[in-house]
Amino acid sequence: MMDDYALNDEVRQQWNLKAEFWDALHGDEGNAFHRYLVSPAAERLLGIQPGELALDVGCGNGTFARRMADLGAQVVATDISDKLIERAKARSEGRDITYQVVDATNEQALAALGEGRFDAAVCNMAMMDMSSIQPMLRAVRRLLKARGRFVFTVMHPCFNSTVATFVMESAEREGRLVDQVFLKLSDYLQVGTRISAGAPNEPNPHYVFHRPLHMLLSQCFQVGFVLDGVEEPAFPLGVESKHLLSWTNMTQFPPVFAARLRPTR
Ligand SMILES: C[S@@+](CC[C@H](N)C(=O)[O-])C[C@H]1O[C@@H](n2cnc3c(N)ncnc32)[C@H](O)[C@@H]1O
């Protein structure tokens, strides 16, 4: 059994190894997942105002940090991967963003960014990649101002976890042959560490830490957050994909779960 330090070090190495691929896949504004689902939902829930101080935890190559800076925020953005932080810095020149390598499973390291200082915090598509989320949630609670808000997006635990399989069936419907895409699910309630291939053609797999919805949200409530906004964004009809069995063709299933939390008084 690996200890926490060794596990998180392996997580860092996995993301460092795929940093170049990830950065090229996302470019400045993110891939289709980001542009259609993650960024719009996070932006609506966060409602960034010019002049606010915003934190991005697990920022990857800085896609959303740049978006918040372009909306007028002053941004502090962190990630466990030093290689991704390098890429993020290179893409963000001229913007009001401070990047820092921080392992978000280390509460003290994250809280050291400044207690009670931030108007808003976001963690996009990264909580399922963190071996534990309680330290990050506790730190974010400490970092936020009393009337601050925290928004997270994750792969939807009910539909888009490594136990979901795409299935296609061809059937006759009212005199026509139609191809229909279904999701086949298993082991939703089984908490645990899984290994994910990530996006098509990623150079190496990485760990994902599956938490069913009730567990994900209860951990937020336990540290003193209340939930006051939720979105389940799905692709609209007509988004092209190279693959028939792709989330873009699953317009009735949300691949992403987005939530807004506020500190309890
Ligand atoms: C799927 S990517 C999302 C990146 C970015 N937020 C985005 O939406 O494009 C997951 C990110 O979480 C980061 N990550 C994983 N474990 C972490 C940890 N313990 N602390 C901080 N970042 C972590 C990875 O390095 C990676 O950048």
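In β3, Y99 is the bridge partner of A77. The model is predicted, with local features requiring pLDDT of at least 70 and side-chain atom pairs counted only at pLDDT 80 or more, while totals for chains, interfaces and linings use all residues. Residues are numbered from 1 along each chain as its sequence is written, and side-chain values use heavy atoms, with hydrogens and water left out.

Strand β2 (residues 74-79) and β3 run parallel and are joined by five bridges. Strands are DSSP runs of E with at least two residues, and helices are runs of H or I with at least four, both numbered from the N terminus. Seven strands make up an open sheet of mixed pairing, in the order β3-β2-β1-β4-β5-β11-β10; two strands pair if DSSP finds at least two bridges between them. At the edges lie β3 (97-101) and β10 (225-231), each of which pairs on one side only. From one strand to the next, the twist averages 20°.

Helix α3 (residues 32-46) and helix α4 (residues 63-70) have axes that come within 11 Å and cross at roughly 45°. Axes are lines fitted to C-alpha atoms, for helices over the stretch in contact, and angles run from 0 to 180 degrees between N-to-C directions. The two helices, α3 and α4, are therefore oblique to each other (angles under 35 degrees count as roughly parallel, over 145 as roughly antiparallel, 65 to 115 as roughly perpendicular and the rest as oblique). In the contact (heavy atoms within 4.5 Å), H34, S39, A42, E43 and L46 of α3 meet T63, F64, R67 and M68 of α4.
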